[in-house]
Structures are given as structure tokens and as C-alpha cells.
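Come along and look things up with me.

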Amino acid sequence: MEQNHNMLRGISENGGIVFYGVDSTEIVREMERLHKTSAVTTAALGRLLTATSIMGIMLKNTQDSVTVQIKGGGPAGRLVAVSDGTGNVKGYIENPVVELPPRADGHLDVGAAVGKDGTIDVIRDLGMREPYIGQVPLTSGEIAEDVTTYFAVSEQVPTVCALGVLVDKDLSVRCAGGFVVQLLPGATDAEIDLLEKNIRAMPSVTTMLEQGMTVRNMLDLALKGFAPDILDSYHVTYRCDCSEERVKKMIRSLGKKEVETLRDEDPIAEVDCQFCDKKYRVDLNELLENWAEPAKNDENK
């Protein structure tokens, strides 16, 4: 694993178990800096970003993308994370500041912030005409259990997902990360038993990271006795791919008549990116003057 790589994909020697792990500390720090989240929402969106980054690595092609949306009915509102096919991820939370008392065990009450009266939706854009959409009811709102349920129910893949975000008293992110272990067809009962024993014996993700463990150490603990090999390693970051061109494309998609109506109200359209808070100002007169012929033809079909 290269020095600056923070994500890896590993496999057991016999090929029956696949492991994905990531140290997402820098990703979650950047998210907290952009969205000014409170402790419990940092943990909630941080866990979702971590899981979605791993799902991005699972995609077949680098130009594909996956969007994971959670609507649980809790005070945090809707959570969205989007990863490209190389694991770079961005996210959004409807209500970034939520204050809740901790759980009885002292941990942040992510489940109460997110809620569990709703669904987890996974939308894979694989370059086809229609995206692939999977949806399952939320299990707990704690994110990891919900991701595990999604894979088991929607994808029919036995999965273990562990996610963690440790937030300091000053709201800074001390560490964050997670892993997903999946059983491939043909795993024996003995292998499943050993894997379950290994997972039960592992400390929490944040405890391991606090102790200085690497993602490779997590792989070795989870797949102890399986002689695991690293297949790939990656450097994944919080990355927003918004641009002025994308904003103009979005405005144009409204159709010429609608853009003219907007122009009559205000010639300058102001658009904020919900993923990185960047602000764009688009001159609608200029956009209309340069309205391309294909766009007009599409409209008249």
C-alpha cells in the first residue's frame, strides 16, 4: 500500500472473502470545514461519506457514480453522499447543526439524529439510460447497520459494515474510517464462523485508528487466518466536481421559456453548490444570447 493511500481492497487467499477499508479522517475533516456540522451530524454524514466512498470503489468503471441517500425522519433531515468510481466523495446534510444528548453509553446518538422511520436509497449511475436504484427500510439510522441491511436485502450479498467518526470536544474530527467485508458465493460454514469470530474480536474502528492502526492492520485482523492479499490501494478525498459549466447546463435544462421568465425577474441567477458551498453567478441575458441551436431543437420536439 503506497504511503499516501488511505483506501485498500483485499481478498482472502482462496478468494471467498473481499475486504474494503478506508481511513476517511481527512475526508470527514473537509466535510466538517465546509458544512460547519455539529458533533452528531459530523458523525452521521461522516459515516455515510465513508461507506459511500467504499461503494464507489466497488463500481466497475471510474466514470460511474453512486449516490446514497438517507431519509430517516430525524432532526438531521436528508443526508446525501455521492462517490465517483475512484472513491472520491462529496456529501450534504439538510440540517447541519443538531444538538442531542449522548446515548447511555456516552456515544453520539447518530440514530436519533438521523431517525429510522424511512429508507436508505442507493442510486448507481452506470452510464445506462436509467440508473440502477435499490431501496430498503432503515434498520437503526446508525448508518453501518443500514448499509449492512441494504447489501443483504437489495444485493443479496452477506456483508459486515463497520463505520466510525470520533469528534473532539472542540468539534474537530480526531479520526474517521470504516470497512466492509463481503462473502462471495461458496464460502464454507467454517470460514463464516472464523470471520464472525474475527469481527467480534476487533475493537471499534475509531479505537483502532486512535491506537495508530492502519487500514492494512484492519484487514489483517478481519481476515486473520485467511492469508489475505491486497488487490488495490487508492488515495480518496472529499472532492466536489461542480463548475460554472455544470451550473449553466443545469439552468439550460429548465428550457428557454423558463430561463426567460427567470431573466425577467432577475438577470443574474445566483446558485449555491450544496456540496461545497461555492457560489456561482450566471448572467441569464448572456446565456440566452448564446443559446445553442441543438438546445432549441430539443425543446421543439
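How do β6 and strand β7 (residues 132-137) pair, and over how many bridges? I looked, and β6 and β7 pair in the antiparallel sense over six bridges. I call two strands paired if DSSP finds at least two bridges between them. Helices (H or I, at least four residues) and strands (E, at least two) are DSSP runs, numbered from the N terminus.

**Ground rules**

I note that this is a predicted model, where local features need pLDDT of at least 70, side-chain atom pairs count only at pLDDT 80 or more, and totals for chains, interfaces and linings use all residues. Residues are numbered from 1 along each chain as its sequence is written, and side-chain values use heavy atoms, with hydrogens and water left out.

**Entry: confidence**

I checked pLDDT, the predictor's confidence in each residue, from 0 to 100. The protein chain averages 92, and 96% of the residues score at least 70. Helix α2 has the highest confidence in the chain, at a mean of 97, while helix α11 (residues 293-300) has the lowest, at 45. Over residues 293-301 pLDDT stays under 50, and the model has seven contacts beyond four places in sequence for them. Contact here means heavy atoms within 4.5 Å.

**Entry: strand β6 and its sheet**

I found an open sheet of five strands, in the order β5-β4-β3-β6-β7, with antiparallel pairing. Its edge strands are β5 (89-93) and β7, and each of these pairs on one side only. Neighbouring strands are turned by 10° against each other on average, direction ignored. For such angles, axes are lines fitted to C-alpha atoms, for helices over the stretch in contact, and angles run from 0 to 180 degrees between N-to-C directions.

Is strand β6 (residues 119-125) largely enclosed or open? Five of its seven residues are buried, so β6 is largely enclosed by the rest of the structure. Buried means under 20% relative accessible area, exposed over 50%, and partly exposed in between (1.4 Å probe, protein chains only).

I then traced the partners of β6. Strand β3 (residues 65-71) runs antiparallel to β6 and is joined to it by seven bridges; in that pair, Lys-71 has Thr-119 as its bridge partner. On the β7 side, Thr-119 stands opposite Pro-137, and Asp-121 stands opposite Gln-135. The hairpin of β6 and β7 has six residues between the strands, and Gly-127 takes a positive phi near 80° there.

**Entry: helices α2 and α4**

At what angle do the axes of helix α2 (residues 39-58) and helix α4 (residues 144-154) cross? They cross at roughly 30° and come within 11 Å. The two helices are therefore roughly parallel to each other (angles under 35 degrees count as roughly parallel, over 145 as roughly antiparallel, 65 to 115 as roughly perpendicular and the rest as oblique). Ala-51, Met-55 and Met-58 of α2 meet Val-147, Tyr-150 and Phe-151 of α4. I sorted the residues of this contact into six nonpolar, no polar and no charged. In this sorting, Ala, Val, Leu, Ile, Met, Phe, Trp, Tyr, Cys and Pro count as nonpolar, Asp, Glu, Lys and Arg as charged, and the others, Gly among them, as polar.

I also stopped at Arg-47, which lies in α2. Arg-47 counts as buried, at 14% relative accessibility. Leaving aside neighbours within four places in sequence, Arg-47 is in contact with Val-110, Glu-142, Ile-143, Leu-163 and Val-165.

**Entry: the other five-strand sheet**

I found five strands in an open sheet ordered β8-β9-β2-β1-β10, again with antiparallel pairing. β8 (159-167) and β10 (229-234) stand at the edges with a single partner strand each, so one side of each is left without a neighbour in the sheet. From one strand to the next, the twist averages 10°. Nine bridges join β8 to strand β9 (residues 173-183), and the two run antiparallel. Within that pair, Cys-161 has Val-180 in β9 as its bridge partner.
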